Amino acid sequence: MYKTQILLQKIICFAALAVSALMFVYSLGLMTDLYDSLYPTMMDPSNIDDTWVTGSQIYYHMQPFNKLLLVCSIGMVLLACLLFITSTHSRRRYYVGNAASVGLFALAGTAASVWSHLELEKFKAEFLQINFDELRDFAEMWETPYVDSTFWFDAHYAVFGLMLLVVVLLVANYFWKLNLMKAEAKLLKEGRRASA
């Protein structure tokens with residue numbers, strides 16, 4: 001039973017690292033379409049209300065969120081690395097360091113997912129308020145990209161859904177490990193009694 005559990009905990013720890021890296025890549029790509037299509041519409045970047053397209057200010061409104069998301073994603077990568085530093089991926093028995101690394105990753109992953117979802121839904125609603133007729137006309141006149149897709153906003157369901165799945169698996173694995181450790185301790189105690 002321990003072999004199966006250790007194999008699964010290793011897979012889960014690598015999945016935690018992979019989904020944290022995915023979150024980092026997502027944070028880098030999130031603003032790409034907005035930059036390509038909306039930034040050129042700004043006549044004076046120091047005055048975001050001076051624009052050719054109504055609603056294009058979302059590009060500036062999202063900047064603080066995107067910077068914080070990037071910092072959070074780097075933090076998640078570091079917390080995933082902490083799982084490996086504490087040998088959570090390979091340890092037969094868990095100790096305080098393993099509990100702390102699992103707990104930190106689970107709390108941070110859950111908080112980042114919920115916060116990002118709420119913010120991105122708000123920004124998606126703002127994005128849909130853009131005057132796309134004006135944007136289309138601007139793109140045709142200045143030969144800039146025209147983007148009306150909500151792909152990057154919708155992609156967060158996959159990214160943060162995977163993050164929450166990994167969090168659930170990591171926590172479930174932790175409790176499975178505790179049960180196995182208790183069962184092993186009980187067997188050792190009974191074995192000592194029998195030999196005495």
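Visitor: How far is the sulfur of Cys81 from the closest cysteine sulfur?

Guide: This is a predicted model: local features need pLDDT of at least 70, side-chain atom pairs count only at pLDDT 80 or more, and totals for chains, interfaces and linings use all residues. Residues are numbered from 1 along each chain as its sequence is written, and side-chain values use heavy atoms, without hydrogens or water. A disulfide is a pair of cysteine sulfur atoms within 2.5 Å. For Cys81 the closest sulfur is in Cys13, too far for a bond, at 11 Å.

Visitor: Which cysteine has the sulfur nearest to that of Cys72?

Guide: The structure holds zero disulfides. Cys72 is in no disulfide either. The nearest cysteine sulfur is 16 Å away, in Cys81.

Visitor: Is Cys72 buried, exposed or partly exposed?

Guide: Buried means under 20% relative accessible area, exposed means over 50%, and partly exposed lies in between (1.4 Å probe, protein chains only). Cys72 has 26% relative accessibility. Therefore Cys72 counts as partly exposed.

Visitor: Which residues does Phe105 touch?

Guide: Contact means heavy atoms within 4.5 Å. Residues up to four places away in sequence are not counted. Phe105 touches Ala16, Ser20, Met76, Leu79, Ala80, Leu83, Met163, Val166, Val167 and Leu170.

Visitor: What is the accessible area of the nonpolar surface patch formed by Leu22, Leu162, Leu165 and Leu169 together?

Guide: Patch members have over 30% relative accessible area and no salt bridge; nonpolar side chains (Val, Leu, Ile, Met, Phe, Trp, Tyr) are joined within 5 Å, like charges within 9 Å. A salt bridge is a Lys or Arg side-chain nitrogen within 4 Å of an Asp or Glu carboxyl oxygen. Areas come from the Shrake-Rupley method with a 1.4 Å probe, and for residues only the protein chains shown count as cover. α8 gives the most to the patch, with three residues, and the four residues together have about 320 Å².

Visitor: What is the phi of Glu143 near?

Guide: Glu143 lies in the loop between α6 and α7 (151-154). Most residues other than glycine have a negative phi. Glu143 has a positive value, near 55°.

Terms used:
Helix = DSSP H or I, 4+ residues; strand = E, 2+ residues; numbered from the N terminus.
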